Amino acid sequence: MISGMNFWLTADGIALAIAVLATLLPIYRVLVGPTIPDRIAASDAIGNTVTILFVIYASASNSIFLFDIAVLLAIVSFIGTVAMAKYVDKGKVL
Amino acid sequence: MTTIIAQTISKAVFAICLMYSVNLFIHGANYPGGGFIGGVLLVCGIILIYVTFGINRADKMFKQDWFGWFGFGLLFASIAAIFPMFKNHNYFRSAFNVVHFEFFGISFGELEFASSMMFDVGVYFVVIGGLVFIITQIGKHKYSPPKEKDEKNVSLDRKDNIILPEPKEETEITDNTVSAAEGLQ
């Protein structure tokens, strides 16, 4: 991993900056979303972008262990979205 | 009871969860992973089936006593812990052996087997049984509205007389959903 300011000029650095920005923007929708489905979609977007952020960081640091975290986070984020969507639709989860 | 799209997707995701949890469990001795996180990932898959199919149909699918899994895992971990004491070793003493896979002169790599993996198997079953049992018991709990008061004591304030509606019951199983659900059995 390149240290210093040179890192942000590489492809990994630019992609990491864009992913961080894409993670921060849905937080506004989670906080001030007028309805509950808005908040659910925004939290799903946060989960997906954090997964992408882990993958980019694994590519930048030449480590394979962060892919485990990425796969786990993708699965857990999907299950959370499904559970919240069923709660909005039916009024109960199980 | 959700749409058939969610049910089909959840079955595929359950298979991926099962495969990946076994992967995490096997290389958990020297790398990130282990019995606990593998069990938690498999619980995620099982709970996804419970969420999409409803608790009644998912219980019919799995046909498992989850608390029995908890007890089996605890028994297995205890046996793995006290087994070295029969050979005059300490409690929880473990050993390992590296096995080379070589068939017909072709090497298939090597895998390290540790005796503490038996303890990890126990942790795996304890996590699966305990978490699924807790979540299904919470899901079975129904909100019971407060009992109706005596007619003499009914207050004229309208807030006190509102009875919350009960959650919707499971709808009857139609033919399309039954044929889709039988794939997992």
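This is a predicted model: local features need pLDDT of at least 70, side-chain atom pairs count only at pLDDT 80 or more; totals for chains, interfaces and linings use all residues.
**Exercise 1. Work out what the contact between chain B and chain A is made of.**

Step 1: Count who takes part. Chain B puts in 26 residues and chain A puts in 16 residues.

Step 2: Look at the area. About 1,700 Å² gets buried between the two chains, and carbon and sulfur atoms give 78% of that.

Step 3: Check for charge pairing. A salt bridge calls for a side-chain nitrogen of Lys or Arg within 4 Å of a carboxyl oxygen of Asp or Glu. Run that rule across the interface of chain B and chain A and you get 0 salt bridges.

Step 4: Now try polar contacts. There are 2 residue pairs of that kind between chain B and chain A, counting pairs with both residues at pLDDT 80 or more.

Step 5: Find the elements on chain B's side. Helix 1 (4-26), helix 2 (35-53) and helix 5 (116-140) of chain B each give two or more residues to the side that touches chain A. Helix 2 of chain B has the largest share, with 8 residues.

Step 6: Sort that side by class. You end up with 17 nonpolar, 7 polar and 2 charged residues.

**Exercise 2. Trace the nonpolar surface patch on chain B.**

Step 1: List the members. They are B:Leu75, B:Ile79, B:Ile82, B:Phe83, B:Met85, B:Phe86, B:Tyr91, B:Phe92 and B:Phe119, making a patch of about 960 Å².

Step 2: Ask which element gives the largest share. That's helix 4 (residues 66-82) of chain B, with 3 residues.

Definitions and conventions
Residues are numbered from 1 along each chain as its sequence is written. Chains are lettered from A and ligands numbered from 1 in the order in which they are written. Side-chain values use heavy atoms; hydrogens and water are left out. Contact means heavy atoms within 4.5 Å. Buried area is the accessible area (1.4 Å probe) that two parts lose on being put together, summed over both. A polar contact is a pair of N or O atoms within 3.5 Å; within protein, one must be able to donate a hydrogen and the other to accept it, and residues adjacent in sequence count only if both atoms are side-chain atoms. Helices (H or I, at least four residues) and strands (E, at least two) are DSSP runs, numbered from the N terminus. Ala, Val, Leu, Ile, Met, Phe, Trp, Tyr, Cys and Pro count as nonpolar, Asp, Glu, Lys and Arg as charged, and the others, Gly among them, as polar. Patches are made of residues with over 30% relative accessible area and no salt bridge: like charges are joined within 9 Å, nonpolar side chains (Val, Leu, Ile, Met, Phe, Trp, Tyr) within 5 Å. Accessible areas come from the Shrake-Rupley method with a 1.4 Å probe; for residues, only the protein chains shown count as cover.
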